[in-house]
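Subject: The structure, and what turned up in it

Hi there,

Here is the structure for you to open alongside this note. Have a look at it first, and then read on for what was found.

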Amino acid sequence: MDILKIGVLTCSDRAAANVYEDISGNEIIRFFKEVLQNPWEPVYRVIPDEKEEIVSALKSMEEENCALIVTTGGTGPAHRDVTPEATEELCQKMLPGFGELMRQVSLQYVPTSILSRQTAGIYNQTLIINLPGKPSAIRQCLDAVFPAIPYCLDLIGGPHMVCHESTVKAFRPKEMS
Amino acid sequence: MDILKIGVLTCSDRAAANVYEDISGNEIIRFFKEVLQNPWEPVYRVIPDEKEEIVSALKSMEEENCALIVTTGGTGPAHRDVTPEATEELCQKMLPGFGELMRQVSLQYVPTSILSRQTAGIYNQTLIINLPGKPSAIRQCLDAVFPAIPYCLDLIGGPHMVCHESTVKAFRPKEMS
Amino acid sequence: MDILKIGVLTCSDRAAANVYEDISGNEIIRFFKEVLQNPWEPVYRVIPDEKEEIVSALKSMEEENCALIVTTGGTGPAHRDVTPEATEELCQKMLPGFGELMRQVSLQYVPTSILSRQTAGIYNQTLIINLPGKPSAIRQCLDAVFPAIPYCLDLIGGPHMVCHESTVKAFRPKEMS
């Protein structure tokens with residue numbers, strides 16, 4: 001198998017200025033280490049909440065052949081939060097089901113999950129998913145949406161993702177649409 | 001009662017090329033046969049996943065006075081899937097609640113339901129609903145959203161739909177907004 | 001504490017023409033009387049379902065320093081329903097989680113809740129929320145989304161909202177994103 005590349009993009013003014021450690025980005029990397037059987041490597045960057053910088057980072061990760069890019073941070077209602085805007089600017093197709101499910105899952109923990117604008121979309125042959133910024137929500141959201149990711153990559157012409165069945169079950173329907 | 005017309009539009013490269021039978025379109029027609037008391041007829045077409053062809057088909061079904069148009073297929077994340085794009089291009093109003101509920105219902109069966117971009121909208125006095133392409137999901141989705149359809153047609157100036165109460169209950173709130 | 005201002009905007013041709021009483025607008029005011037500890041006052045208007053009038057009313061409420069504006073009415077699929085359109089025209093950011101949760105809650109009562117296009121968004125430093133028009137749904141929807149409102153105002157630079165904990169619990173996460 002070729003090396004699978006996964007972009008991990010932390011969008012946070014404070015993490016980019018080293019005001020605090022990027023716990024969320026590391027949590028994402030830990031998740032994929034745990035679930036993926038494929039040989040893989042992260043393409044990891046931490047940038048401030050600037051829309052044009054986020055767009056550039058997403059573009060360059062796609063050019064480096066990341067099959068999947070996971071962002072964290074910048075999905076709230078504050079003026080500086082612009083990660084979904086950057087994602088929508090690039091993507092040819094938006095997948096609203098990701099945001100709906102992540103908000104629904106987070107709602108079991110915090111009523112403020114409805115403030116999150118996290119979403120997902122397809123940019124060329126890359127799936128981009130916005131996760132929230134809070135470290136504690138990363139695992140909850142990835143557990144919820146991950147089972148749909150391998151089949152999504154199949155459908156958009158991405159690489160074949162194989163998981164450790166003991167940790168998370170990828171789902172590939174047999175019936176074709 | 002006048003004849004009620006319902007558009008059934010199958011969007012599928014393979015069904016249009018006769019590579020396989022259009023099971024989903026037939027499943028939609030069977031559903032309405034079962035639930036409707038009104039005298040009705042389907043306006044049925046099978047076309048490939050081409051956005052301009054889908055837009056034209058939706059337009060011509062509206063011109064033929066279809067009060068409701070139900071599509072199947074073309075709602076996934078693949079490059080050729082463009083049914084929601086065609087629907088959004090035409091509709092004056094989108095109704096996101098249909099897609100939310102259909103994804104939520106399908107999620108009980110398959111975790112990949114979050115990949116579906118199915119939606120609904122109002123085009124002039126016609127309600128357009130995108131169903132998924134998979135035959136097994138047709139009935140699940142129609143059972144979930146159908147109870148709201150007759151009242152929706154009332155609100156947009158469409159014909160009065162009457163159902164066999166034994167199969168599905170149309171809901172019309174008494175209190176007006 | 002400064003006086004907290006909350007806009008209450010009823011969008012309804014019939015209420016504006018005094019064909020019937022604005023029960024929904026009064027229900028919203030009653031809710032805030034019950035839950036808020038802050039000294040506050042409503043900025044209350046009843047206008048017809050005209051998009052430009054709704055946009056103007058929202059703008060002038062923001063100029064009068066309303067930290068929050070709650071609308072009622074005009075969220076359905078009918079031709080005259082244009083409240084979400086006016087809201088989207090003004091807001092810099094939309095918060096889809098509000099509409100998703102309100103539709104989900106209303107779905108426990110009426111299957112026609114999927115016809116509602118209610119949403120929420122941020123306009124400068126003001127949070128705008130569309131509630132449905134039906135009086136019975138006002139309380140259900142406010143109970144569901146209110147716990148997220150005080151923290152949202154914190155995030156967008158609005159005033160600090162304090163609630164009577166016995167009626168509704170505002171939620172402010174400790175962990176920052």
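Let me begin with how the copies are arranged. Chain B can be superposed on chain A by a rotation of 120 degrees with 0.0 Å of shift along the axis, at an RMSD of 0.0 Å. The two copies are thus related as by a three-fold rotation axis. In chain B, the C-alpha nearest that axis belongs to Glu100(B), 4.3 Å away from it. Please keep in mind that this is a predicted model.

The copies use different surfaces, since 5% of the contact residues of chain A recur in chain C. For chain B and chain A, only 5% of the interface residues of chain B are also interface residues in chain A, so these copies too meet through different surfaces.

What does the contact between chain A and chain C consist of? Chain A gives 19 residues to it and chain C gives 19 residues. On the chain A side, the largest share, 3 residues, comes from helix H5 (residues 96-106) of chain A. That side of chain A divides into 7 nonpolar, 8 polar and 4 charged residues.

Helix H5 is worth a look in chain B as well. There, 9 of the 11 residues of H5(B) (residues 96-106) are buried, so the helix is largely enclosed by the rest of the structure. Among the buried ones are Pro96(B), Phe98(B), Leu101(B) and Met102(B), and also Glu100(B) and Arg103(B). Glu100(B) is the residue whose C-alpha is nearest the axis in chain B. What covers the buried residues of H5(B)? The cover includes H5 of chain A and helix H5 (96-106) of chain C, together with strands S4 (93-94), S5 (120-123) and S6 (126-131) and helix H6 (135-145) of chain B.

Now for the fold of a single chain, with chain A as the example. Chain A has 7 helices and 6 strands, and along the sequence they follow the pattern β-α-α-β-α-β-α-β-α-β-β-α-α. The radius of gyration of chain A is 15 Å, close to the 16 Å that the globule rule gives for 177 residues, so chain A is as compact as a globular protein of that length. Its C-alpha atoms fill a box of roughly 45 × 35 × 30 Å along the principal axes. Of the 177 residues of chain A, 51% count as buried. Among contacts in chain A with a separation of 6 or more, 71% join residues 24 or more positions apart.

The strands of chain A build an open sheet of 6 strands with mixed pairing, in the order S2-S1-S3-S6-S5-S4. Strands S2 (40-47) and S4 (93-94) of chain A stand at the edges with a single partner strand each, so one side of each has no neighbour in the sheet. S2(A) pairs with strand S1 (residues 4-11) of chain A in the parallel sense over 8 bridges, and there Gly7(A) has Val43(A) in S2(A) as its bridge partner.

The other end of the sheet can be followed in chain C. Strand S4 (residues 93-94) and S5 of chain C pair in the antiparallel sense over 2 bridges, with Met94(C) opposite Gly121(C) in S5(C). S5(C) is also joined to strand S6 (residues 126-131) of chain C by 4 bridges, and these two run antiparallel. In that pairing, Ala120(C) stands opposite Ile129(C). S5(C) and S6(C) form a hairpin with 2 residues between them, and Asn124(C) in the turn has a positive phi of about 55 degrees.

Which way do the residues of S5(C) point? In a regular strand the side chains alternate between the two faces of the sheet. Ala120(C) and Ile122(C) point one way from S5(C), Gly121(C) and Tyr123(C) the other way, and all are buried.

Leaving aside neighbours within four places in sequence, Ile149(A) is in contact with Leu68(A), Leu127(A) and Met161(A).

Best wishes

Terms used: Residues numbered from 1 in each chain as written. Chains lettered and ligands numbered in written order. Predicted model: local features only at pLDDT ≥ 70, side-chain atom pairs only at ≥ 80, totals over all residues. Buried ≥ 20, exposed ≤ 12 C-beta atoms within 10 Å, placed from the backbone. Pairing = 2+ DSSP bridges. Contact = placed C-beta atoms within 7 Å. Least-squares fit on C-alpha atoms with pLDDT ≥ 70 in both. Nonpolar A, V, L, I, M, F, W, Y, C, P; charged D, E, K, R; others polar. Rg over C-alpha atoms; globule rule 2.2 N^0.38 Å.
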